[in-house]
Amino acid sequence: MRKTELTRFRKLLQEEKDRVTSSLAKHEKIIKHTDDQSGLETGKAHSNHMADQGSDEFQYETTIKTANTEGRYLYNIEEALVRIEDGSYGKCIECNKAIGIPRLKRLPYTRMCIECKEKDEAGTL
Ligand SMILES: [Zn+2]
């Protein structure tokens, strides 16, 4: 991969990392707050009594699920940044061939080329 491309992917991943990190921090704050006070932080103190218990719980569950997804996503982004630094970024971890640039543009943190990913998902790798 050309250095200019690598620099562009590093910037893209860094921006995505910052975005997900702050979003995750916000969700973790909501989860922690809910654990502490068994009520969601709505930012509007007077709206608390309007929300029924059921929707609060649903929102809490959704927030936990979102935070979990973000946590995994963040892990993948951080790993990709490490691979940029050690020079293995853009190469498939299975067949060691270059992952296509269009695929990396869609999934900058991917570790497998499309062929290996398809095999992996089909369970034939
Ligand atoms: Zn491959």
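1. Ile-101 counts as partly exposed because its relative accessibility is 22% (buried is under 20% relative accessible area, exposed over 50%, partly exposed in between, with a 1.4 Å probe and protein chains only). This is a predicted model, where local features need pLDDT of at least 70, side-chain atom pairs count only at pLDDT 80 or more, and totals for chains, interfaces and linings use all residues. Residues are numbered from 1 along each chain as its sequence is written, and side-chain values use heavy atoms, leaving out hydrogens and water.

2. Beyond its neighbours within four places in sequence, Ile-101 is in contact with Met-1, Glu-5 and Phe-9 (heavy atoms within 4.5 Å). Ile-101 and Glu-5 sit 96 residues apart in sequence, yet 8.8 Å apart in space, C-alpha to C-alpha.

3. Now the metal. Cys-92, Cys-95, Cys-113 and Cys-116 coordinate the zinc ion through their SG atoms at 2.2 to 2.3 Å (donors are N, O and S atoms within 2.8 Å of the metal, or 3.2 Å for Na, K and Ca; water is not among the atoms, so sites may look incomplete). Along the chain, the donors follow the spacing C-x2-C-x17-C-x2-C. Both Cys-92 and Cys-116 are buried.

4. On to the rings: the whole structure holds two aromatic pairs (ring centres of Phe, Tyr and Trp, the last by its six-membered ring, within 6.5 Å; planes under 30 degrees apart are stacked, over 60 edge-to-face, the rest tilted). Phe-9 and Tyr-89 form a tilted pair, 5.8 Å centre to centre with 55° between the planes. Tyr-73 and Tyr-109 pair edge-to-face, at 5.3 Å and 80°.
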